[in-house]
Amino acid sequence: MTEREAEPQAPELPLAEVTARKRSRLSAVWIIPIIAAVLGGWIAVQKLLAEGPTIEISFASADGLEAGKTTVKYNGVDVGRIESLRVAPDRQRILASVQMAPAARDWLVDGTAFWVVSARIAAGGVSGLGTLLSGSYIGMQIGTGSERVRSFTALAVPPVVAANAPGRYFRLTAANLGSLDFGTPIYFRRLQVGQVASYRLDDDGRGLTIRVFVNAPYDRYVKNETRFWQASGLDVSLNADGLDVRTESLTSILIGGLAFDTPADNAAAEPAAADTTFELFDDQVSAMKAPERGSIRYVLHFDDSVRGLAVGAPMTFLGMPVGEVVSVRLDADRRKKDVSVRARVLVAAYPQRFLDVLADPQVLTGGSKAITPAMRHALLDGLVARGLRAQLQPGSLLTGQLYVALTYVPQAPKATIDWHSDPPVFPSVKGSFTDIEARLTSILAKVEALPFEGIGRDLQQSLATLAKTLQDVDALVKRWDGELTPELASTVAETRRTLAAAERTFAGAGKAVAPDSPLLAELQATVVEVRRAAQSIRVLADYLERHPEALLRGKSEETRE
């Protein structure tokens, strides 16, 4: 047996196996923090949902705004509050961070508008008086868009028209704004039916575009042929037709306004579409003026003054309007070495107006609807041959405005229409007002040439003689008081009154008498008669003083001889 075999064998030991200890996924220690985190997140979400969205509004100025105090209101209900104010990076605007209410989440869409509400006086009236005590706030108008927006630019002025107001917008083109403003009322037959919504200057700077809103159901009265005009304040015009005063209402006098109407021929037309563009006229007369058809222009030459003749002045035929003045200028004509300058008036005649005032137009047209050029030439040539001329006449002595009158002038020099000229030249004569002015000037010149000093000296001498005679008569009457017959006393008293009246008459005579006028001759004859009367009275007084018995017995034969 060997030695290895003699040693005892050790038992085989089993191999140890490593087994990983299973641990629980969540320790009881973490349950409380997890629950706290979930509760905190839920509270934060609820707080965010309860606070609503935060938006940014850009303002031109923060005047009247205060962080943490100024609220946002929709129809008087608080729907937000300003949280903070800061200056924009470009330093041109003020940015306000506004916390909105949850209910306003769906209102923050494209078209929503914000503006500062404060005490304001405008054409639409007085608004925001309550802010004098409570302070300014931000007004809100919900838009009609669908896209959600979180950044807005505040309006400079409150919107005039509500977003969903029934009615339609229209556009007006004007040369100037006049007295219009946001909210200026619009009238139809003196009933307020709308207001001015906005206006802006055109890109070329030559005019403005005014956006107006007409409330339903009055918007259906706006047709394609409707005319808009300025109805602001009192429309006072002084022209050749006299004084004309127009106004829509007392409100329009104070704050201005617009008005519109449709000519009767187009009253049954279909309503105009929204955003249709119209021209804004200065007044109702020019707005409702019918468009002229087939105007024909003529040239008139005048040697007298045309001051007071303005563009647009009427041209009348026997008092009926048939045209208007287009321009007033000067025309120079050189003939040999002489140059003459006279007024050149361009007028537009409207044949249709002439036909409209005719009782029976067919007499001239022969059944035609219009006057042909041949008819017009023959008609005017015949009228001119009968003495028809163009004259400048005053429309009103108060305004000094002139107009062109086509009238028959008796014994007018022969003249014809120059049809070869372009435009034709119509014959004219001096106006009646010019003749009157020339005559008055001539009379005044003659009055200034009167020898007032010589006449005055003669009158003073005559009046002095009369005064002395009256004194003598008074003395004689006092001496014979009670001896004069009633007839003689009455005669003396009447003589005194006559002489006093003559004195007053002579004092004012000769102020407007021409040297060769009959009145001056009569005046001189009267002076001679007064002298004779004074001399006769003096002779009578002397005789009565020598022979007082003549008052009872008459003049004796001796004294008669």
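Is Arg-148 buried, partly exposed or exposed, and what is its relative accessibility? In the predicted model examined here, Arg-148 has a relative accessibility of 47% and therefore counts as partly exposed. This residue forms a salt bridge with Asp-106, in which the closest N and O atoms are 2.9 Å apart. Asp-106 belongs to the loop between β4 (94-100) and β5 (113-117), whereas Arg-148 belongs to the loop between β8 (137-141) and β9 (151-153), so the pair ties together parts that are 42 residues apart in sequence.

The salt bridges number 4 in total. Another of these is formed by Arg-86 and Glu-56, with a distance of 2.7 Å between the closest N and O atoms. Here the partners are both located in strands: Arg-86 lies in β3 (residues 77-87) and Glu-56 in β1 (residues 54-59), so that parts 30 residues apart in sequence are tied together. Arg-86 is partly exposed, at 44% relative accessibility, and Glu-56 is likewise partly exposed, at 26%.

A further salt bridge joins the side chains of Asp-219 and Arg-168, at 3.1 Å from N to O. Asp-219 is situated in the loop between β13 (208-215) and β14 (227-230), and Arg-168 in strand β10 (residues 167-174); the pair therefore ties together parts that are 51 residues apart in sequence. Asp-219 has a relative accessibility of 10%, and because buried means under 20%, Asp-219 counts as buried. In general terms, side chains of opposite charge can pair when their charged atoms come close.

Backbone geometry was examined next. The loop between β13 and β14 also contains Pro-217, and the peptide bond from Ala-216 to Pro-217 is cis, with omega near 5°. A cis peptide bond also joins Asp-422 and Pro-423, where omega is about -5°. Pro-423 is placed in the loop between β24 (402-408) and α9 (432-448).

Positive phi values occur at residues other than glycine. Arg-91, which is not a glycine, has a positive phi of about 60°. Arg-91 is part of the loop between β3 and β4 and is exposed, its relative accessible area being 71%. Leu-318 is not a glycine either, and has a positive phi of about 55°. Leu-318 lies in the loop between β20 (314-317) and β21 (320-335). The relative accessibility of Leu-318 is 51%, and exposed means over 50%, so Leu-318 counts as exposed.

Within α8, the residues Arg-376, Leu-380, Leu-383 and Val-384 are buried. These residues cover an arc of only 95° around the axis, which puts them on the same side of α8. An α-helix has 3.6 residues a turn, so residues three or four places apart point the same way. The other side of α8 carries the exposed residues Ala-374, Ala-378 and Ala-385. The buried residues of α8 pack against several strands, namely β19 (296-302), β20, β23 (388-394) and β24. Just after α8, Gly-387 adopts a positive phi of about 110°.

Terms used
Residues numbered from 1 in each chain as written. Predicted model: local features only at pLDDT ≥ 70, side-chain atom pairs only at ≥ 80, totals over all residues. Heavy atoms only, no water. Helix = DSSP H or I, 4+ residues; strand = E, 2+ residues; numbered from the N terminus. Buried < 20%, exposed > 50% of the residue type's maximum accessible area, 1.4 Å probe, protein only. Arc of directions from axis to C-beta. Contact = heavy atoms within 4.5 Å.
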